[in-house]
Structures are given as structure tokens and as C-alpha cells.
Amino acid sequence: MEFFQLRRVDEAQSLFLEACPKGPLGVEELDLLEAHGRCLAEDVRSAGDLPAFDRSSVDGYAVRAGDTFGASEGLPAYLRVVEEIPMGRAPARRLGPGECARIATGGMLPDGADAVVMIEHTEHLAADEVGVLRAVSPGENVMRRGEDCPAGGVLVPAGRPLRAQELSLLAHAGVLRVRVARRPRVAIVATGDELVDPGEEPGPGQIRESNSFALRALVAEEGGQPVFLGRAPDVRDAVEAKLREALKYDVVLVSGGSSVGARDMTAEIIGGLGRLGILVHGVNLKPGKPTILAVVDGRPVVGLPGHPVSAQVVFALFVSPLLRRLLGLPPFPGHRPAVRARMAKNVASAAGRVDVLRVALEARDGELWAEPVQGKSGLITTLTRADGAVIIREEKEGLLAGEWVDVHPI
Ligand SMILES: Nc1nc2c(c(=O)[nH]1)N[C@H]1C(S)=C(S)[C@@H](COP(=O)(O)OP(=O)(O)OC[C@H]3O[C@@H](n4cnc5c(N)ncnc54)[C@H](O)[C@@H]3O)O[C@H]1N2
Ligand code: MOO
């Protein structure tokens, strides 16, 4: 007997995301280093050309490239050295025909020069004369004015997370304050009569509450701000009170009580909290079948199954895309890095259902192999022993040993 109307994973994802807020929830302005890892709320453009002047990319002689054409070891081009350009200063004069200037890496090219000959490709003849042993073409060994980014060009586009490289580019362009998407505040509630705080000694039939630890870490990894509101026993009023408090935040995650047992009242309570309510209860997914996806008065609410593995899989498939979108990122980036590996064993799966298989990676004979880590979704070591997850799509009835798969790091 089926208790839920099970939705396809992709159908559930789009039903849910369509009903959720579409973009960043607000903007804040931060100092550049505080904004590390955050997503830009708007394009940042360059006030000036970067670099602001033609710069040498080597130590050597700034030349007019045409003066070196045909130069070789046997027939050097002889040029007059008219100055040594000091670092951090402008050249004193323009280069005329047959002239060159000694220049260091990063130095400013004089007007008239369009290339630099590396010092190794010259011979010193006198204080004011050099022989060029190899021709250079126009632009060779030069970082042209505006080549990194022209004035008015986009340095970093909206929605791009600020990594080390973006921070250095923005600092280089003199941009020291940036407007970034506000981090969504994510309330986490754990339900269950059997739960005790991890610092307590569980009595018979009790277990330590641990899902809130995984969820807090996962929210933070995705750029959200986790707020744990504590545990609620399986008592209607207690769960409802916690959820009402949770609805003051941007997103609500509630773990446990999503299934069909007598005490699994989460869905009923969420359904009664406000407008729209439950969009999905039950997904054709293993683990994670009894997932609840809801929007209550504009606030996304996700009911995650209590089993730890299921909760973390449901987070990856439904909560991560939501948080990404609330930060201005694409919910399903095409380029999330996956590792290619070969299945070490056959694995069966039911057609019509998405299976998320935990795997451990092992290098063997120069190839990467994915060893399934199987076990019930209440067994947390099936996650701690795994390096990644393989998604077996609805149309597949399993994977064959030796088959190449994408392993998503976890
Ligand atoms: N008759 C059926 N029983 C179950 C079905 C079903 O379709 N028919 N689905 C199973 C599946 S699949 C899952 S997954 C679980 C989901 O259960 P709930 O979401 O209702 O969660 P609970 O019953 O509250 O807990 C399940 C399990 O997880 C432990 N748990 C709960 N919260 C935490 C926490 N914060 N930290 C650590 N562990 C937690 C809890 O003690 C239970 O062992 O239902 C199946 N049953
Ligand atoms: O769908 Mo449940 O999440 O397998 O244990």
C-alpha cells in the first residue's frame, strides 16, 4: 500500500522552486575580505582600464617591433638604448626608430614601443647599444592597456561567488566595498520523542539528536546562516509552536515525523500553518521518500525524513538548490565538479525511482573505482565511509560493474 502520491524528483524540485522566492532576499554592503565566499548582488565594473598602461611582462628591452624584423643570431638588429625605465615611474621619452629602452617585468612601456625583447635574446654591446638576436611581433611580451579589463567592463558579474581570484581582481581595480546577497537565515527544528541532546546519556529507546549538526554544517557550506531552534517532542502543540517560531526565518527545515506513523504529524501541522501549504509529500527517491516540500505564506518549509542519510540526501536535492537560488546562483549549476569513476560492483535499483548510492573511491591500476557503501538510511557510517554519491536516474534499473559513473563529492 502506498501512503503518498509519489512525485518524480525533477517534478518535485520544479514544483517547489517555482513557488519559492526567486532571487536574493536582500543586499548588504561589506568590506572586500568580509565578502569572501559571498555572491555579488550586482555586476561590478572597472572604473578604469586594467592595466592602466601598457606593461612589460618580461625583463628586457622595449622596442618598436618593426625594428627587430629579420633579426637573428647571425644578423642581429642593432638598437640604441635611450633610457632605463625605472619601476613604478613613467618613461622619460618616446621611442624613435632604431631606439630601445631597458625595461623590467611590469615596467611601463614608452610611447612608440609596441613589444619587448627578452634580455636573453639580446647581446650587450655598449652602455647605449644592444644587439637583438630574435625578432618580436607587435604586442609580444606586453600586457596591453585595458587587456585585463577595459574601463566600464564587467570585472565580476552578479551572482558570482567571491573566491580568492575575484578578491584579488577587485582589490587590483580599487573596489574595496561590495554589495552581496544577504545570507538566507535557515531555521532548523528537530522533532522526535526519542531524541536527547548529544551531551546527554540516552535512556532505553532514546538516541542522541544528530541531524541538526549535519543540517547546520550543510546550510553553512551552502552560504546560509543556520539557526537551530532546538528539539520538539512529538506533541502537536510543541511542534506547531516551534514551526511558528521558525517561520520568522527565511527558510525552515524540520527533521523527523515526515512519514506516515501515528505520530508523524509534521505534514498536517505544516499544511495548517498558512497560505499555499504542502506542495509535495512523498518523492520517488531512495533514501528520502517521505520528503515534505511546502511554502507557507511565502516561506519555504522542508520536512526532512528523520533517518540521517535520508535527511542529508534530501538536503542535497531540494535545499541546496533553494539556497543557491536565494544567493543569486543558478539552482542547478551545469559545472558542479563530479569525479568520473567505474563501478566496482553491480547495483540494482527500481525503475521509476531515483536512487542515491553512497560510494567510496579507490584508485586501482591507474583508474578510479567506486565501491558501493550500502546499508539502511539510519546507518550514519554509510555516509562517513563514503567519498561521494552516485545518482541512479529513474530510467535505469541499476548499474553494472565496470560502468563509468559521475561521483558527486559529499
Ligand atoms: N510504514 C512505513 N514506515 C516508514 C515508511 C513508509 O513509507 N511506511 N518510510 C520510511 C522511510 S523511507 C523513512 S526515511 C522514515 C522517515 O521517517 P520520519 O521522517 O517520519 O522520521 P522519524 O520517524 O521521526 O525518524 C526516522 C528515524 O530517524 C531518527 N531520527 C529522527 N530525528 C533525528 C535526529 N534529529 N537525529 C538523529 N536521528 C533522528 C529516528 O529516531 C528514527 O530512527 O520512515 C520510514 N518508515
Ligand atoms: O526513503 Mo527512507 O529515506 O529510505 O529511509
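Q: How many nonpolar, polar and charged residues does the shell around ligand 1 have?
A: In this predicted model, the shell around ligand 1 has nine nonpolar, 15 polar and four charged residues. It comprises 28 residues, and the closest are Asn211, Gly256, Ser259, Pro305 and Gly306.

Q: Why are α3 and α6 called roughly parallel to each other?
A: Helix α3 (residues 211–221) and helix α6 (residues 308–326) pack at an angle of about 20°. Angles under 35 degrees count as roughly parallel, and α3 and α6 are therefore described in that way. Their axes lie 10 Å apart.

Q: Which residues in α3 and α6 meet?
A: From α3, the residues are Asn211, Ala214, Leu215 and Leu218; from α6, they are Pro308, Ala311, Gln312 and Phe315. By class, this contact of α3 with α6 has six nonpolar, two polar and no charged residues.

Q: In which hand does α3 pass α6, left or right?
A: The crossing of α3 with α6 is right-handed.

Q: What makes up the contact of α1 with α6?
A: Val9, Gln13, Phe16 and Leu17 in α1 meet Leu317, Phe318, Pro321, Leu322 and Arg325 in α6. The residues of this contact divide into seven nonpolar, one polar and one charged. Arg325 is one of the residues in contact, and it is the charged one because Arg counts as charged.

Q: What surrounds ligand 2?
A: Lys286, Pro287, Gly288, Lys289, Pro305, His307, Ser310 and Ser377 surround ligand 2. By class, this shell has two nonpolar, four polar and two charged residues. Lys286 and Lys289 are among the surrounding residues, and they give the charged pair because Lys counts as charged.

Q: What is the form of the peptide bond that joins lysine 286 and proline 287, cis or trans?
A: The bond between lysine 286 and proline 287 is cis, with omega about -5°. Proline 287 is placed in the loop between β19 (285–286) and β20 (292–296). The bond from leucine 50 to proline 51 is also cis, with omega near -10°. Proline 51 lies in the loop between β2 (44–45) and β3 (55–56).

Q: Into which domains is the protein chain divided?
A: The chain is divided into domain 1 (9–25 + 183–326), domain 2 (27–47 + 156–181), domain 3 (55–143) and domain 4 (339–409). The C-alpha centres of domain 1 and domain 2 lie 32 Å apart.

Notes:
Residues numbered from 1 in each chain as written. Chains lettered and ligands numbered in written order. Predicted model: local features only at pLDDT ≥ 70, side-chain atom pairs only at ≥ 80, totals over all residues. Axes fitted to C-alpha atoms, helices over the stretch in contact; angles between N-to-C directions. Helix = DSSP H or I, 4+ residues; strand = E, 2+ residues; numbered from the N terminus. Parallel < 35°, antiparallel > 145°, perpendicular 65-115°, else oblique. Left-handed = near helix turned anticlockwise from the far one by under 90°. Contact = placed C-beta atoms within 7 Å. Domains from an automatic or database assignment. Near = placed C-beta within 6 Å.
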